[in-house]
Structures are given as C-alpha cells and as structure tokens.
Number of protein chains: 2
Amino acid sequence: MTSTPLSSGIIRSDRQMSDGRGIRYYDSAEVIRSAIDQRPDEGQPGIGELRLDLLTGDWVAMAAHRQTRVFLPPKELCPLCPTKPGLLSEIADTSYQVVVFDNKSPSLTAPSTSWALPLNDGIDTPLTQAAGKCEVICFTDDHETSFRALSLDQIRIVMEAWRDRTRALSAVDYIAQIFPFENRGEEVGVTLNHPHGQIYAYSYITPRTLKMLESATLHKAKHNRILLDDIIAREVKDEVRIIAKNEHWIAYVPFAARYPFEIHVAPLSGVADLAELSDAQADAFPSIAKEVLTRLDGVFGIDMAYIAAWHQAPVREGRDVLRLHWQICSIRRAPGKLKYLAGSESAMGAFIMDMKPEQSAAQLREVKI
Amino acid sequence: MTSTPLSSGIIRSDRQMSDGRGIRYYDSAEVIRSAIDQRPDEGQPGIGELRLDLLTGDWVAMAAHRQTRVFLPPKELCPLCPTKPGLLSEIADTSYQVVVFDNKSPSLTAPSTSWALPLNDGIDTPLTQAAGKCEVICFTDDHETSFRALSLDQIRIVMEAWRDRTRALSAVDYIAQIFPFENRGEEVGVTLNHPHGQIYAYSYITPRTLKMLESATLHKAKHNRILLDDIIAREVKDEVRIIAKNEHWIAYVPFAARYPFEIHVAPLSGVADLAELSDAQADAFPSIAKEVLTRLDGVFGIDMAYIAAWHQAPVREGRDVLRLHWQICSIRRAPGKLKYLAGSESAMGAFIMDMKPEQSAAQLREVKI
C-alpha cells in the first residue's frame, strides 16, 4: 500500500484486487484508499495468441476468452461504478476520482514463462504469445456523465493518470507501444456506458504506427524536419481547418481526414509521448479537450459516438521522428446516418470521405459554446 | 449498340443511359437490349479530390457530392430494379439477368483534362484528382433474393461480368487496380437492399494491396515461391480451417483471421486476377461460392451482413507475386452481437479477435447444406 505524489498535487495510491490485478487511485489530494476487494478470486484468463497475417505482415491478437465478457449491464450492476450496498464492483472503494486497473478480460497479458516464444522465421511459425497489458481507466465515479462534461480539474487528473501509466508501462521490458484511448457510444461497440477509457500496451508496434514511423522517417531523411511539425505549420497557414487553440495546444480537422468528423489535437511544441509533456502543457490540455468535445457534441446536438486515440511514439523506436497527438474520429456523418467502413475501407484500406474537411471544420467552429 | 460474345455462351450488350453513363447487359443467350433510358439528363457530378494523408502515406478520396445519395428507398422506388410502370430506374429494360453500369454517385471518375495533375512532391502538393471508375453490378433483377440464393447459372453470369469488367478496366490508362466487391446488410452500411455489388477501379494502389505487395515480394525474394501458394499449402496441411473445396477452388478461414467469420476462397492453381481465370476455373466458382455463403448464413440461421472482396493483382504491378482471392468478412460474432472496429482496430490497425479461426471454421463446417 503505497502513495506516490505526481504533478499538480495529484497523488496515486496503488492497491490490489482479490484476484491479484492492480488498481491505482488518482486523487487531487491525499485520500486514504484502504478499501479491500471483497470478491472471491476467480482467477485470471490465460494468455492468448498473436498470429501473423502473412498476406499483410500484421499481427492479429486472438483472445477467445473475451467472447463472454459483460455486455451493456444495467446501471445497478455497472462494474465501473464504486462499490455500494448490493454491488461489489471492480473498484473496492465507495467513491473515487480517477482509477486505472488491469482489465478483467484482457486481449494482451504478461507473457507466460512456461511458453517459450517461438522464433518467427516465416511461414512455419507465424505465432507468438499475445503479450502486453490492457487496462481500464475510469474518468469519474459518476455513471451518468461523459468526458466532455467533466470539470477541468477532473480532466487534469485523467491526464495525469495517462502520463503516469505511460511512464510506468514504458519501463516494462516486453512493452513496445502504449495506446490510451476512449470508445464512446454503442455505435462503436461500447459494452459499458460508464465514462471510461482503456490503455493497451502492445508487445509489438501496431500497423498504423509502423506506417506513421515510415512516413516520419522518410520525411526526416528528405527534409531534416519533423513531419508533424510541418503538418501543423501547414494547418496554421491554411487556417480553414483549425477549430480550437490555446497557448500550448492546437486542434484541427486534418487536411486528409478519413472520417466525417475527425479532429487532431496536438501540443504546439512537439513531444514523443504523454510522459514527455511539460506540466504546463498538461495543465493546458483540459480546456482544449473540453472545448473540442463540446463542439463535437454540438454539431448535431447529440452525444456523438467517437474513438479518441492517443498516438504516441513507441517506447524504444522512432522517438526522434514521431510526435504525440490525440485523434478523435466520429463515424456520424449526419443525424441518423453513420459512416460505415464498407468494402473500400475495410478490404482495401482506401477511405472515401463524403464531406470535405473544411466543411466539417466550419460546422465544428460554428457550434456555440 | 454492340453485342459481344463472351465465354460460356454469355453475351454482353453495351448501351448508354440518358446522361451518358454506360450500362452493360450480360445475358446467357442472345437478347435484344434496345430499351432506351427515358429519364432526363441530370448531368454528372464533377471529379473529387484525392488527398494524401502525410502521416500514413495513404490517399483519401473526397467525394462531397455523395452525401445526398439515395438511402434505403422503399422497394417500389428501387433504382436497381428493372424499369416498370411508374418507375424509371437505372436499368431501362423491363427485365435483365446481370447488368453493370456506371455509378450515379461515383467516388472516383474519369480524370478531367482541364485540371492539370499537380506533382506530388511532399507536403506542398499532397493533392490530385480522384481519378478512377465506380460501377454498380446488379446480380439479378429479383429485388427479394440474395447472391447466395442465385442459381449456379446466374452466379456464372456474375462471374463473367466480373471477368469482363476486369479485362476492360485493365485497358484504361489511368486505372491502377480493380476491386469488385459486395457489401451485404444494413449493418455494413448498405443503402440499397437490391442484390448488387460494386466495382471500384482506382487510379492508385490501395493501402492494403500495397502491404500485400510488399509481403509477397519479400516472400518471393526469400523463398522464390508465391506467398499465397505457400499459405494455401499450409491450410491444406493444417486442414482444420478448411470449410469447402472442389476441383478448382478451396475455401478456408485464414490462420490469422481478423473477423469472427472470415473466409478466403482461392483457385487451387493461382492466377493474378479474374481475367486470368481459365473457363474451367470460372465454371467451378458458382458451386463453391454458393456453398460458402450458405454455410455463412447457416451459422446463426440469419442473413449475415458481410463484405465480400475480390483481391486482385494491380494492373501493371506485382502480377508475378500477387494472387487472386475472394475474402468474405462478416462482422457478426454472435446472434445480437457485432464485431466493432473500435480503438485498437480503427486507430492502430491492430485487430483483436474474440474467437479462434479454428472455432469459426468448425461452426461453418457443421452447417447442414
């Protein structure tokens, strides 16, 4: 039972769940987090497989045990609410500010020492352990709210938790890349409505990051400049796709957006990952995050389903060329109409946009906040 | 008004719609297709943009005019049914077997000569014309059926239309890659219920094909063998993921499937594209196609939403290493549950499978047909 002071007066308290999983409470002031998980130890699932898709060179994680995971439970049974009379939830305490805990149905887990990693020499052994870590981050103990509606102080605690987990997971030898994200809305497959995100720590570099690494490396070789710096400079020059800005951050619809409403939020002074953000940058994030998500929900006056993804440089590669940014993609193209990833997108990776980025940027800017 | 004999006694009749778009009738015997499109010429949309996503190096097509396209019209107004009293549809004749016509709301169109193609030299001009062709293929004039329920003879006509269009589009100088596909089911965004597919002819090589090209080229360099040949040899050896076979084709759930129900169908004797199939291979396709889709619908006893995609070698590249295969992906993982492409898949391209390919292959094999 340890407490660790972080920046901005935030304190982390580390605890364990009855089945051995870790849980970390993040609080804006010293709080004693001594509640004990009263549930029986049901054990943890074994490790899954990573299989190499030889056609594309991509790893696919196989997590067969996840098929039975909890699916849209009623509020009274929400496993992300604090524990209360009649409900022993994932969080033993009766209240919390922000918590991060190990996912009960992880796609990726600590490698098993009893399974020697096979060599991946081509078609004969395109298989290894699905090593990594999957964590859940609860943004608040209030079941009914959403990230956008949190106070600036509360978003600052979430940011501190992301930074802290990025630092900690970066120190794990089998972790290659850390990916904090939020899926919001049943349209993108959310199975729990409580405001929460996830952190995937992969033991491999993901396909999109490999591509970004290749592009950024080529750009550096050709121009001796950082790709994202040049992209942001172009957005600033073009102006027409910018939707929000403050002293440390900028938000824009990218020139080649793939989704009807896609927003990138990046620090004006680039860093490789969340751990490298200065405290001043971290402190300036809540206001732009809240503004951007408020604009997004304001476009059609409804809670927009979105995927909000932190792109970070991998832990041990590309840190000199890849830069942190937060990508928010909404699949809603109009009230009652979703953007589906059909043939061209799903099978070919060739995106077709039904609206111009300049048009969605204008709609986002017009929202009164 | 020309008629062209194709293989298997199939005849193609070429006609024009009132707005200048082409329509081709494919019939199993000589039929006079002289019906004239009676609709006024409403003109055709201008060409869209291709924008380069510098972060990933992918082209994104911007087709802003498609936002207003027809969305799930009632059967009486179906634009893919033959013309009948009270309905002037896309097909002027009052019946047809198979037709292929130019899409009214194309994402990609013939390049405009008045717009000089800018050079793509890095960040300054990551923009060009959205050149290409988009076509619609109607599998039958019966609104109420589906591809799976077609007769073997009817599927053979569809196959001939695919081959014929692949040959014709391969001869167009600005076309780099030809992609026939079917989206089936409102869950994957189908906006017209009439049984139909599409053909996208891209002026660029799509992101997934570029990756497949890279993998296949490396494999050839390393082993001096064709990658898909080796993959199929492994599936045959493992046996456990095979779900159907005939003299010329094999169908299997791939070792590293990305979707709960993903099936690949490939000729046993590999070819680069549909145009290279022998008549004997083309003749043997309908029976395995019908079996595979019948097994897919049989798993849960419901019409499964799927994307069925023909992967072909590009027109002028990789024809010595890439091999034709038909990839069917269903996003349904259980009755009432869909597989969503959420954070890991959408933002990172890192797929997480909830069930093992061997398990879905067993379920598909167990279906009584």
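Me: What is the strand order in the open sheet of four strands?
Reply: The order is β7(A)-β4(A)-β5(A)-β18(B), and the pairing is mixed. Bear in mind that this is a predicted model.

Me: Which ones are the edge strands?
Reply: β7 (127-129) of chain A and β18 (351-353) of chain B, each of which pairs on one side only.

Me: And how many degrees does the twist average from one strand to the next?
Reply: The average is 30°.

Me: How many bridges join β5(A) to β18(B), and do they run parallel or antiparallel?
Reply: Three bridges, and the two strands run parallel. One of the bridge pairs is Ala61(A) with Ile352(B) in β18(B).

Me: What about β18 of chain A, what does it do with β5 of chain B?
Reply: Strand β18 (residues 351-353) of chain A pairs with strand β5 (residues 58-62) of chain B, in the parallel sense and over three bridges. There, Met353(A) has Met62(B) in β5(B) as its bridge partner.

Me: OK, the contact between the chains. How many residues does it take from chain A and from chain B?
Reply: It takes 62 residues from chain A and 62 residues from chain B.

Me: Which element of chain B gives the most to the side that touches chain A?
Reply: Helix α2 (residues 207-223) of chain B, with seven residues. That side of chain B divides into 34 nonpolar, 16 polar and twelve charged residues.

Me: Then the α2 helix in chain A. How far does it reach from its first C-alpha to its last?
Reply: It has 17 residues and reaches 24 Å, close to the 24 Å expected at 1.5 Å a residue.

Me: Which residues in α2(A) are buried?
Reply: Pro207(A), Arg208(A), Thr209(A), Leu210(A), Lys211(A), Met212(A), Ser215(A), Ala216(A) and His219(A).

Me: What covers them?
Reply: The cover of the buried residues of α2(A) includes β5 (58-62), β9 (177-184) and α3 (227-238) of chain A, together with α5 (343-348) of chain B.

Me: What follows α2(A)?
Reply: Asn224(A), with a positive phi near 55°.

Me: Switching to β15 in chain A. How many of its residues are buried?
Reply: Six of the six residues in strand β15 (residues 325-330) of chain A are buried. His325(A), Gln327(A) and Cys329(A) point one way, while Trp326(A), Ile328(A) and Ser330(A) point the other way.

Me: Which strands pair with β15(A)?
Reply: Strand β13 (residues 261-267) of chain A pairs with β15(A) in the antiparallel sense over five bridges. Here Val265(A) stands opposite Trp326(A). Strand β14 (residues 306-311) of chain A is also antiparallel to β15(A), over six bridges, and Ala308(A) has Ile328(A) as its bridge partner.

Me: Ser8(A) next. What is its phi?
Reply: About 60°, which is positive although Ser8(A) is not a glycine. Ser8(A) is in the loop between β1 (2-5) and β2 (11-16) of chain A.

Me: Why does Ser8(A) count as partly exposed?
Reply: Because it has 14 C-beta neighbours inside 10 Å; a buried residue would need 20 or more, and an exposed one 12 or fewer.

Me: And where is Ser8(B) found?
Reply: In the loop between β1 (2-5) and β2 (11-16) of chain B. Phi of Ser8(B) is positive too, near 60°.

Me: Last one, what confidence scores does the predictor give the complex?
Reply: An ipTM of 0.92 and a pTM of 0.94. Chain A averages a pLDDT of 92, with 94% of the residues scoring at least 70.

Note on methods. Residues numbered from 1 in each chain as written. Chains lettered and ligands numbered in written order. Predicted model: local features only at pLDDT ≥ 70, side-chain atom pairs only at ≥ 80, totals over all residues. Contact = placed C-beta atoms within 7 Å. Nonpolar A, V, L, I, M, F, W, Y, C, P; charged D, E, K, R; others polar. Pairing = 2+ DSSP bridges. pLDDT = per-residue confidence, 0-100. Expected span 1.5 Å × (residues − 1). Axes fitted to C-alpha atoms, helices over the stretch in contact; angles between N-to-C directions.
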